[in-house]
Amino acid sequence: MRARCEKKNMSSNTSIIRLYGDPVLRMKCREVSSEDIHGDISLWVNMMVKTMYENKGIGLAAPQIGLPKRIIVADIGSREGLIVLINPMILSSEGKEIMEEGCLSLPGIHLDVKRAAKIFVKGLDEKGLDIELELSGLLARVVQHEIDHLDGILIIDRVPHKRLKSIKDKLEEIKQLSAKNKNLWPQYASR
Ligand SMILES: [Zn+2]
């Protein structure tokens, strides 16, 4: 997810972000295995964190760098700092809130999305240790947004259909950009 005020700069170092239209963004991502934890997990997490910061994002999910695995990272610049969650699962949620969201995979699009105000989430850290977090406010929102990515769900799926009509052209533009970026994709999908 990206902050409202940030203007996306489509320079070459941002092209690693997979854009709307890319099939990997619609995949149901696989659970990270214990083999992964003992293998490439740090590599993947480092790549995600770097890409998130480079693109001035406040959250990123693995499929956004072309990796269909259940990993999310978030940093909203709060005292909680960087959050890395592997195989995240929302155990319970409370309340509802509507807030405007953006997405690094949908540059230039901002939509009002209704989500739980507070969540209780569990997952693993990079070392495979259990983490449980109670989150509210923007951080709860970002984590819900990123977990959606792991199930192939985007913010455009969470708004009324008629709202999509007004951004139809913009979505088409992003799809074309996504197709153009294909030759810049690093390959993880074979794993
Ligand atoms: Zn997103």
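Asn87 has its place in strand S3, within a model that is predicted. Its phi is near 50°, a positive value in a residue other than glycine. Asn87 counts as buried because it has 20 C-beta neighbours inside 10 Å, and 20 or more is what that class requires.

The protein chain contains five helices and five strands. Read from the N terminus on, its elements follow the order α-α-β-β-β-β-β-α-α-α. The protein chain has 191 residues, and buried residues make up 34% of them. Among contacts in the protein chain with a separation of 6 or more, 70% come from residues 24 or more positions apart.

The sheet comes next. Strands of a sheet pair through backbone hydrogen bonds, in either a parallel or an antiparallel manner. Here five strands form an open sheet, ordered S1-S2-S3-S4-S5, and the pairing is antiparallel. S1 and strand S5 (130–136) are the edge strands, each of them pairing on one side only. From one strand to the next, the twist averages 30°. Within this arrangement, S2 and S3 are joined by four bridges in the antiparallel sense. Ile71 has Ile86 as its bridge partner in S3.

Two helices may now be placed against these strands. H2 packs on the sheet and touches S1, S2 and S3. The direction of H2 makes about 40° with that of S2. H3, for its part, lies across S1, S2, S3, S4 and S5, and it runs at about 85° to S4.

Which residues does Met48 contact, leaving aside its neighbours within four places in sequence? They are Leu60, Ala62, Ile65, Ile71 and Val73.

The loop between H2 and S1 holds Lys56. Phi of Lys56 is near 55°, again a positive value in a residue other than glycine. Is Lys56 buried or partly exposed? Lys56 is partly exposed, because 15 other C-beta atoms lie within 10 Å, a count that falls between the 12 or fewer of an exposed residue and the 20 or more of a buried one.

A last stop lies towards the other end of the chain. Leu177 is found in helix H5, which covers residues 168–180. With 15 other C-beta atoms within 10 Å, Leu177 is partly exposed. Leu177 and Leu19 are 158 residues apart along the chain, and their C-alpha atoms are separated by 7.6 Å.

Terms used: Residues are numbered from 1 along each chain as its sequence is written. This is a predicted model: local features need pLDDT of at least 70, side-chain atom pairs count only at pLDDT 80 or more; totals for chains, interfaces and linings use all residues. Two residues are in contact if their C-beta atoms, placed from the backbone, lie within 7 Å. Two strands pair if DSSP finds at least two bridges between them. Axes are lines fitted to C-alpha atoms, for helices over the stretch in contact, and angles run from 0 to 180 degrees between N-to-C directions.
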